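Student: Could you walk me through this one with me asking as we go? Pick a helix to begin with.

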Amino acid sequence: MNNIIDKFTDATLTQMRESHTYRTMRHIESPEAAHVMLRDANGISSEQFLLASNSYLDLADVPELKQAMADAVLKWGTGSGGARLTTGNKTPHVELEAEIARFKGEEAAITFNTGYMANVGTISALCGKGDYIFSDELNHASIIDGIRLSRAKCFVYKHNNMADLERVILEAKADAREQAAKIDADFRGMIVTDAVFSMDGDLANLPELLKIAKAHEVLLMIDEAHATGVLGKTGRGLAEHYGCEHADVTVGTLSKAVAAEGGFVAGKQKLIDFLRNKSRSFIFTTAMAPAVAAAALNNLKFIEAHPERVQQLRGNVDFFCESLRREGLNVATSPSAIIPIVIGDEAKAMQISATLQEHGILIPAIRYPTVAKGSARLRASLMATHTHEELRLAAKNIAEAIKF
Ligand SMILES: Cc1ncc(COP(=O)(O)O)c(C=O)c1O
């Protein structure tokens with residue numbers, strides 16, 4: 001007799017293998033840093049120059065930050081032992097939230113165990129049946145899942161297209177009127193967008209979004225997963241980058257530039273009080289280990305004390321994009337730390353990535369379904385500690401692998 005699990009898995013796994021979308025994982029044997037040890041499928045290890053990390057400021061392997069986390073483990077133990085609303089809420093959680101609020105220039109903040117949980121829990125708490133959500137077509141999966149969970153009506157607008165956003169807001173208002181479920185005054189809508197789009201590295205147009213949100217009296221939520229620690233002179237994010245007001249709801253993660261783990265929402269005290277009471281992914285889960293909260297807190301303070309690290313990252317992005325252009329590649333200067341090098345063909349992108357790995361450069365190929373068919377790309381992401389020499393050499397190797 002066939003195993004019952006076959007019935008649920010076989011067709012999908014076969015289809016994924018046939019369409020080359022079946023996923024496996026890389027095995028890295030060293031801490032996340034600019035150079036890592038990669039163990040291949042044959043068990044052979046090689047040193048790789050890492051051009052693929054979200055640890056943009058390269059803080060995961062800094063001795064003083066590791067020591068601070070180790071001290072926190074000794075002080076607070078290995079786990080929190082309870083949900084935040086029962087016994088899990090320990091001093092590091094409280095201090096971390098105060099620090100995030102301060103860093104982000106907001107009244108208050110709340111942390112979640114991951115950025116994914118922050119998005120899912122925030123969107124589904126704020127919006128429900130009868131509400132309207134306006135979502136950029138390139139938003140992250142965790143935003144999409146939060147929208148699905150909310151059961152609000154979702155209108156997807158063309159990527160970063162403000163005219164299309166206004167069009168769908170008007171369409172939603174007409175829909176609300178037509179359904180007579182709500183009169184205009186009761187209409188509740190929320191715009192939600194990535195601050196930095198994770199596969200393209202481009203930015204949401206916060207000043208325009210603020211104008212549109214105000215004009216149409218809808219809420220504005222941004223996800224600063226790839227913006228925190230990266231954008232603005234001191235890494236405070238999209239509002240600092242543009243020198244404009246903040247969105248109503250700012251979500252972020254502590255797992256990328258902050259190099260710990262967890263997600264957060266920062267905003268008005270009332271928003272945070274609301275989420276503490278209504279967000280299911282905050283309420284019904286065990287609090288993150290206090291030592292993880294302490295690590296995020298220490299790392300965030302480190303970022304505040306070392307704005308030069310943020311500027312070093314910015315300088316590296318400018319230098320690397322320029323180096324790629326010098327090698328003849330058509331690459332614009334990215335405003336973030338993510339640099340897409342579009343190849344087009346899926347198989348070619350995979351081949352180039354494999355060739356680069358043979359040369360000790362780890363840069364993944366991103367293909368359908370993560371990006372549109374025929375727009376497969378190498379997705380480079382930079383760290384503050386990459387040297388110009390390393391970046392120049394990587395650009396040369398990338399161009400050669402593409403031209404080959
Ligand atoms: C734009 C965006 N939002 C949210 C997340 C989720 O954050 P986390 O990894 O902390 O769950 C990610 C990536 O992981 C992301 O790229």
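Tutor: In H11, the buried residues are Pro-290, Ala-291, Val-292, Ala-293, Ala-294, Ala-295, Ala-296, Leu-297, Asn-299, Leu-300, Phe-302 and Ile-303, where buried means under 20% relative accessible area, exposed over 50% and partly exposed in between, with a 1.4 Å probe and protein chains only. Helices here are DSSP runs of H or I with at least four residues, strands are runs of E with at least two, and both are numbered from the N terminus.
This is a predicted model, in which local features need pLDDT of at least 70 and side-chain atom pairs count only at pLDDT 80 or more, while totals for chains, interfaces and linings use all residues. Residues are numbered from 1 along each chain as its sequence is written, and side-chain values use heavy atoms, with hydrogens and water left out.

Student: OK, and what does the buried part of H11 pack against?

Tutor: The buried residues of H11 pack against helix H2 (63–76), helix H3 (91–104) and helix H12 (307–326), with contact taken as heavy atoms within 4.5 Å. H11 is mostly covered, since 12 of its 16 residues are buried.

Student: Which residues does Glu-99 contact, leaving aside its neighbours within four places in sequence?

Tutor: With those neighbours left aside, Glu-99 is in contact with Leu-297, Leu-300, Lys-301 and Glu-304. Glu-99 has its place in helix H3, and its relative accessible area of 5% makes it buried.

Student: Let's move to H13. How far apart are its end C-alpha atoms?

Tutor: They are 19 Å apart, which agrees with the 18 Å that the 13 residues of H13 (residues 346–358) should span at 1.5 Å a residue; the expected span is 1.5 Å times one less than the number of residues.

Student: Which residues of H13 are buried?

Tutor: They are Ala-349, Ile-352, Ser-353, Thr-355 and Leu-356. These residues cover an arc of only 160° around the axis, which puts them on the same side of H13; the arc is that of the directions from the helix axis to the C-beta atoms. As background, an α-helix has 3.6 residues a turn, so residues three or four places apart point the same way.

Student: What sits on the face turned away, and what does the buried side pack against?

Tutor: The face turned away from the buried side carries the exposed residues Ala-347, Gln-351 and Glu-358. The buried residues of H13 pack against several elements, among them strand E11 (338–344), strand E14 (376–381) and helix H14 (388–403).

Student: And Lys-348, what does that one touch?

Tutor: Lys-348 belongs to helix H13 and is partly exposed, at 36% relative accessible area. Apart from neighbours within four places in sequence, Lys-348 is in contact with Ile-343 and Ile-402.

Student: What happens at the start of H13?

Tutor: There, a side-chain oxygen of Asp-345 reaches to within 3.3 Å of the backbone nitrogen of Ala-347. A polar contact is a pair of N or O atoms within 3.5 Å; within protein, one must be able to donate a hydrogen and the other to accept it, and residues adjacent in sequence count only if both atoms are side-chain atoms. H13 is followed by Gly-360, whose phi is positive, near 80°.

Student: Switching to the ligand: how many residues surround it?

Tutor: There are 14 residues around the ligand, the closest being Gly-115, Asp-223, His-226, Thr-253 and Lys-256, where near means that one of a residue's heavy atoms lies within 4 Å. Helix H4 (residues 115–126) gives the most to this shell, with 3 residues.

Student: Which polar side chains reach the ligand's oxygen atoms?

Tutor: A polar side-chain atom of His-226 lies 2.7 Å from an oxygen atom of the ligand, and one of Ser-255 lies 3.0 Å from an oxygen atom of the ligand. A nitrogen atom of the ligand is 2.5 Å from an N or O atom in the side chain of Asp-223. The protein covers 84% of the 380 Å² of accessible area that the ligand has on its own; accessible areas come from the Shrake-Rupley method with a 1.4 Å probe, and for residues only the protein chains shown count as cover.

Student: Last topic, the backbone. Where is Pro-369, and is its peptide bond from Tyr-368 cis or trans?

Tutor: The peptide bond from Tyr-368 to Pro-369 is cis, with omega near 10°, and Pro-369 lies in the loop between E13 and E14. Most residues other than glycine have a negative phi, and most peptide bonds are trans. Asn-160, although not a glycine, has a positive phi of about 55°, and it is found in the loop between strand E6 (153–157) and helix H6 (162–179).
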